[in-house]
Amino acid sequence: MRAITIAEPGGPEALVLADVPDPVPGTGEVLVEVVASAVNRADILQRQGFYDPPPGASPYPGLECSGRIAAIGPGVTGWSVGDEVCALLAGGGYAERVAVPVGQLLPVPEGIDLLTAAALPEVTATVWSNVFQIAHLRPGETLLVHGGSSGIGSMAIQLGKAVGAKVVTTAGSARKLAVCRDLGADVLVNYRDQDFVEELGGHGADVILDVVGAAYLGRNIDALAVNGRLIVIGMQGGAKGELNLGKLLVKRAAVIATSLRARPVEEKTAIVAAVREHVWPLIEAGAVRPVVDRAFPLASADDAHRLMESSEHIGKILLTV
């Protein structure tokens, strides 16, 4: 089969389409014939040499895919060859075929085409596990989403509104903020000339979903409400910051940092099951939708990475096989 390989860490040109051995599904796995994958920030970090795959995972980038089941490994029930699926991966989505633990498979939601379904697994699993399973966002609370026009951000806005939260979001242009407004955001903050702490007002945010990291740490603490929960899932603004524990104590607040890729299969299985139970009905009802900027052929993965690094995209960037 063909897959995108990384011979040596580097820029987008380090992504090379090559012939590689076919994966073989092991016990509890299925083989998926990939129709599309999607680009995530983690893929860029892996390409640069900063984010190795977990032990035992595919060496190729790609944390999600959509496609059709081509083969079933021992011990798998409930799925058949030919089923259209999308999947959460620990790696290997930038390829023609990938072996997937059965617990990380999802059916393609009704009303969503197979190609577009590749935009769903990573964002839905990330947002649901962090905002709802960990931070326990409740109806009537305020959710602050940084980077609301991103794949993660666009899903967080919609799911926050779907459960009855007030959603505040940041983005860097009027064009991106307009998309956030259309997705349901209540308060729009252009981070280039507005202070999100001031725009939140006196109560603050009960939950903050942050992809920036160190650069926003102090202001995120200022923005938290009493009993607030700051969930850090990215470090686009650096990894080391100063934390004022006094402010945290006064607010009885929590700072939680999480990642999804390296979690055990059992944890991912539980997250995917929760996504299927809680998020899939919202997608099928039309209350939540994937946001896709554009699609590139697999051989142009380098161009897809350049677009993501430019931050000019809105929503997800897909790779078609």
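A: Two strands are said to pair if DSSP finds at least two bridges between them, and in this predicted model strand β3 (residues 29-39) and strand β15 (residues 316-320) pair in the antiparallel sense over four bridges.

Q: Which residue of β15 stands opposite Val39?

A: Opposite Val39 stands Ile317, a residue of β15.

Q: How many bridges join β3 to strand β4 (residues 64-72), and how many link β3 with strand β6 (residues 97-101)?

A: Between β3 and β4, which run antiparallel, there are seven bridges, and here Ala36 has Ser66 of β4 opposite it. With β6, β3 pairs over five bridges, again in the antiparallel sense, and the bridge partner of Glu33 in that strand is Arg97.

Q: Is strand β3 mostly covered or mostly uncovered, and how many of its residues are buried?

A: A residue counts as buried when its relative accessible area is under 20%. By that reading β3 is mostly covered, since nine of its eleven residues are buried.

Q: Which residues is Ser154 in contact with, once its neighbours within four places in sequence are left aside?

A: With those neighbours set aside, Ser154 is in contact with Gly148, Leu183, Val291 and Gly315.

Methods: Residues numbered from 1 in each chain as written. Predicted model: local features only at pLDDT ≥ 70, side-chain atom pairs only at ≥ 80, totals over all residues. Heavy atoms only, no water. Buried < 20%, exposed > 50% of the residue type's maximum accessible area, 1.4 Å probe, protein only. Helix = DSSP H or I, 4+ residues; strand = E, 2+ residues; numbered from the N terminus. Contact = heavy atoms within 4.5 Å.
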